[in-house]
Amino acid sequence: MTLPFRRRHHDDDSTHDRARALTSREMVDPLGDAETAWLARHLDGCGECRSDREAYLADRELLRSLRDTTPEPPRDLWARTSAALDREAPRGRHRAATRTARQGGRGRWPGLPFGAAAGTLIVLVVVGASLVPGFVPVAPPDKTADGSPVGVATPPVTQPTPIAVADAGPVGWIQPGADGSWRLFISDVDAVCPRARPSCRPGQLGADDPGRSVDLGGKPTGVTISPNAKELVVSARGAGAQPGRIFVVPVPSLSPAATPKATTRPATIAPSEPATTSPATTPLATTEPASPSPTPDSTPSNAIEIASGVTMVGEAAYSADGRWLAFSARPSDGSTGPDLYLWSVGSGPAVAVTSDHQTWFSSWLDGHVLASRVNVAVAPSASPAASPDVATPQPTAGASDAPVQPAEAHPASFLLDPATLARTEIAQPDVWLPVVDARGRFVAYWSGTLRALPGGLDWQLGTGSLVLDGWSDGKSPSPAAGASAQATAAPARASSDPRMTSAPIGPVGQPIEVVTGETAVFQAKFDPTGTRLAVWVGEQVDAAVGRLHLIVLDPGTGAINAELKPLPGAPALRRFSIDKGRLAWVSPSGQDGQESAVQVLGWSHDDFGGIQTIPARDLFIVR
């Protein structure tokens, strides 16, 4: 809870005071449109004020619930009161007589014997104690209210119960150790703090886990763990004559026999939610501070190098069965754009399966790769036989005959069988980096064009929007155009409606915008149930820091639950992970004066709470 006199880091107290005042007033009277808009903008960027408001709302609901429940006094109330009156009456008469004599015969309460007054006070105390939570009722002199002997205090419950997160997926991350090595942590999430109760202390994630030493050769640019947790895929940026590399290193045993399960211990400070910064007062940082960790200059001795002379673009990901690894990479010298690479686990080097230098890996879907490419229109001076729908390979940077890139281009997406390399084109145009939930019902993607950056090798989001849509696998029926009057309400589902027709593979064409605002780059992931969608957006293509949103979907229709906004844009590094029952990311260093930490938002049904690791530098989410 924020006290009124507490000063905040790099912020103006007046804006927070105004936010708290408006939050208090809206509990009684509706706010004006201008005040409502201002408060919404402030709360979107200020986690502390948002937490205060949630606490206000929770307290109001608690107080309102008392109106519907009549407290029932203890059954032995009168017996205890009568016994107390009998004990107090003789002593009261004696004290009253003594006091009256001292006061010259004038009683303090004229016309009311002191014994009766004392009895009345005892009744009030006993009744009040039975009705007001937190007070201990008067008990017989030999025992307390809970039956324990007199003199044994019963500690009051002063903290709310954390939310139990059953069967939540473990969280994995790496960070530098005290000895300069890299440490791998994999920790279970058992409970989280209710976000409306900042006083809750569930502990710190992995506080008692020493981690496992892994040799990464230096500071990586990205790390991915295999589904069986036996290997790490590491991408390392080149420096000078040293080319960029992608290699695989083994993971020390994670079995319970080798390493005890990580536990949580009480924390001095336990966050109820990630630190945020008000966009109206402090701009969101887009790059992380420089790290003293050296750039790796060698490949670890126990590593398997699967690609050299390239820089990974985006993230690598294993197929669900762990047999394949897919990623996009470009030459370390930046001469061309990226191509799609596949690595068959346990085999030789990764293989580039495209050569257009305009292909980005997106995700896996039922054992197939989902990827996107940029369709660059052929310049007028190019060969007329070339197809305008085929991406044109980019020449080496600085070449005098480089074709002029268009201001905007149209993306296209496709499915690729990793074993046969057979492609299946997604018929709908302008679909960029689609991600489909594991059950094949919903898809999130950028619907629109791309805008070229200087040099023609990089692209940012152009005209369009981030959307959620239904997904057609080409086998289940999908709605024909105009078949449903509620087409804009939710992604379509398979139905026996006679107006349903077969549809090609891809989005069904009923998009719903999920995130608004300035967006140049994004990343989306579903949880295993397909009912939670996490979306990270950055305002610049090379932004290291952006905002992370968690969107709750109706499990039946896929409609967005507008009433639940558990994470409406928290500052976060680009890489995050989502699994059953939890979302994990790394908070930026320096936000709200804090060091980076692995933040976890956990949930049980529609109850959400948070927990984090001990702050540290150079944290990388791996699971």
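What does the accessible surface of the chain come to, and which share of it belongs to carbon and sulfur atoms? The accessible surface is about 30,700 Å², and 56% of that area belongs to carbon and sulfur atoms; such areas come from the Shrake-Rupley method with a 1.4 Å probe. This is a predicted model, in which local features need pLDDT of at least 70 and side-chain atom pairs count only at pLDDT 80 or more, while totals for chains, interfaces and linings use all residues. Residues are numbered from 1 along each chain as its sequence is written, and side-chain values use heavy atoms, with hydrogens and water left out.

Of the 623 residues in the chain, 45% count as buried, that is, under 20% relative accessible area with a 1.4 Å probe, protein chains only. The secondary structure comprises five helices and 33 strands; these are DSSP runs, helices being H or I with at least four residues and strands E with at least two, numbered from the N terminus.

One group of strands forms an open sheet. Its four strands follow the order S5-S3-S2-S33, with antiparallel pairing; two strands pair if DSSP finds at least two bridges between them. Strand S5 (212-214) and strand S33 (620-621) stand at the edges, each with a single partner strand, so one side of each has no neighbour in the sheet. Strand S2 (residues 171-176) pairs with S33 in the antiparallel sense over two bridges, and Ile-174 stands opposite Phe-620 in S33. In general, strands of a sheet pair through backbone hydrogen bonds, either parallel or antiparallel.

Notes:
Buried means under 20% relative accessible area, exposed over 50%, partly exposed in between (1.4 Å probe, protein chains only).
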